[in-house]
Amino acid sequence: PIKREKGSEEEEDKEKARVDAIMKQKGREWNELFGEEANDDDDFKIGISLTPNVDKKKIRAKKGATVTSSGSGVKLRLFADFFHSDIILASPIGLKMSTTNEESDDEGEDDTADVDFLSSIEMCIVARSDVLMMQNWDHVNSVLDSLNKQPKNVSNIDFSRVRNYFLEGQGKYWRQMIVVSAFTDPYVSSTFRRHAKNIEGQLRIRKKVSTDNASICDVMVRVKQVFQRVTCPTVSDAGSARLRFFSEHVLPKLQRLQQKHTLIYIPSYFDFVAVRNLLLKREVKFVSVTEYARVSEVSRGRARFLQGVKPIMLYTGRAHFFLRHKIKGARHLIFFGLPEYDEFYPSVVNMLNEGLTSEDEDDVSRLPMSSLSLFTKFDAHQLERIVGTSHAERMIKDCRDIP
């Protein structure tokens with residue numbers, strides 16, 4: 001029994017070391033968001049009530065509420081009702097669920113939502129916008145649309161304490177709005193321009209990326225990296241333009257050469273659906289790894305891709321964000337679109353030739369490793385983070401593109 005107990009402890013230590021190595025491999029940022037000690041619940045909401053200048057001796061904790069006091073004599077009550085809260089800390093989906101009428105249908109009309117407690121917001125802070133984009137950015141826009149509207153129920157309002165600009169329906173012009181993001185993105189910028197209506201104007205701060213600090217410098221694999229600009233007249237046509245270029249120039253070459261071990265990274269799930277349907281229509285063998293796939297399905301697909309049974313793998317950006325898979329068996333890489341996070345580019349490129357040897361298959365080393373990145377002129381922000389500001393400006397202005 002003692003030997004069995006000792007052996008079990010050794011197995012537990014080995015398993016713990018293996019898990020720790022996997023967690024460390026996923027990166028510090030991933031562990032902060034989804035690690036064992038992180039709380040990744042995206043549906044939360046809490047109201048905080050502040051009562052200043054209160055005698056600390058008179059502070060009493062009421063039943064069902066948590067009450068604390070600071071050194072200045074301010075009473076802080078957690079889990080306060082939203083209508084009596086000074087601060088609301090919530091996720092977009094949490095606010096969306098709390099304001100949606102459960103009896104309404106799935107499409108839901110805005111008229112049925114109870115958003116009166118958002119009518120007097122004076123400061124709105126949208127933190128970690130880059131993370132919120134990986135969930136559903138429409139929830140953010142929906143919540144921001146509900147700010148500073150005229151309340152429908154005025155029976156419990158003390159109008160002597162309401163500021164005049166709220167009574168006149170001008171609250172949005174006095175509201176301060178702060179949007180924080182790890183990177184500049186067109187969707188975040190569009191939301192900021194739409195909802196930041198303060199009379200003092202707007203201020204946007206972004207940092208330029210030097211060539212030495214570009215994420216492409218972190219690529220450790222010796223591979224020729226090609227960035228191909230695709231002609232695109234409008235931002236709404238970007239996805240269809242890349243799909244047309246892929247179907248006319250890239251996919252026929254893959255079929256002609258019968259190229260295996262090709263990993264296609266697709267940032268947008270909508271683009272993934274379009275590429276998947278194209279491959280099904282052309283009867284091309286492939287596997288896919290998405291954020292919605294089952295664990296067994298992902299494991300089976302990764303094994304078939306490594307063995308060369310399936311020549312192409314479709315890998316979505318959100319799957320890499322949430323799961324950080326280390327794909328083995330890739331020798332050729334195609335970025336259908338540039339990744340939002342700059343560190344994703346080198347991490348995916350460094351997967352090339354992982355788990356492959358020249359003895360695995362005769363044609364593994366027949367073609368040199370390759371990396372192709374498709375981009376349009378509307379991908380300037382993503383391109384800037386990957387190659388640097390100066391190189392991105394020159395590549396965007398370059399007229400040598402393919403329709």
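Predicted model: local features only at pLDDT ≥ 70, side-chain atom pairs only at ≥ 80, totals over all residues.

Which residues does valine 140 touch, not counting those up to four places away in sequence?

Modeller: Valine 140 touches Pro92, Val126 and Leu132, once residues up to four places away in sequence are set aside. Valine 140 belongs to helix α5, which runs over residues 137-145. With a relative accessible area of 5%, under the 20% cut-off, valine 140 is buried. Serine 91 lies 49 residues from valine 140 along the chain, and their C-alpha atoms are 8.8 Å apart.

Some background on the whole chain, then. There are 14 helices and 12 strands in its secondary structure. Of its 403 residues, 40% count as buried. If you take the contacts with a separation of 6 or more, 74% of them come from residues 24 or more positions apart.

Now for your helix. Six of the eight residues of α13 are buried, so this helix is mostly covered. The buried ones are Gln382, Leu383, Glu384, Arg385, Ile386 and Val387.

Let's take the α14 side of that. α13 covers residues 380-387 and α14 covers residues 389-397, and the two pack at an angle of about 135° with axes 7 Å apart. The two helices are therefore oblique to each other. Their crossing is right-handed. On the α13 side, the contact is made by Ala380, Leu383, Glu384 and Val387. From α14 come Thr389, His391, Ala392, Met395 and Ile396. Sorted by class, that makes six nonpolar residues, two polar and one charged. Just after α13 sits glycine 388, which takes a positive phi of about 100°.

Glutamate 384 deserves a stop of its own. This residue is in α13, and at 9% relative accessibility it counts as buried. Leaving aside neighbours within four places in sequence, glutamate 384 is in contact with Arg206, Lys207, Lys208 and Val209, and also with Thr389 and Ala392. Those last two, Thr389 and Ala392, are among the α14 residues that make the contact between the helices.

Is lysine 224 buried or exposed? Exposed, because its relative accessibility is 64%, and the cut-off for that class is over 50%. Beyond residues up to four places away in sequence, lysine 224 touches Met369, Ser370 and Ser371. Lysine 224 and serine 370 are 146 residues apart in sequence, yet 5.8 Å apart from C-alpha to C-alpha.

One last item, in case you are thinking about cysteines. The structure holds zero disulfides. Cysteine 124 is buried, at a relative accessible area of 13%, and cysteine 232 also counts as buried, at 5% relative accessibility.

Methods:
Residues numbered from 1 in each chain as written. Heavy atoms only, no water. Axes fitted to C-alpha atoms, helices over the stretch in contact; angles between N-to-C directions. Helix = DSSP H or I, 4+ residues; strand = E, 2+ residues; numbered from the N terminus. Parallel < 35°, antiparallel > 145°, perpendicular 65-115°, else oblique. Left-handed = near helix turned anticlockwise from the far one by under 90°. Contact = heavy atoms within 4.5 Å. Nonpolar A, V, L, I, M, F, W, Y, C, P; charged D, E, K, R; others polar. Buried < 20%, exposed > 50% of the residue type's maximum accessible area, 1.4 Å probe, protein only. Disulfide = S-S within 2.5 Å.
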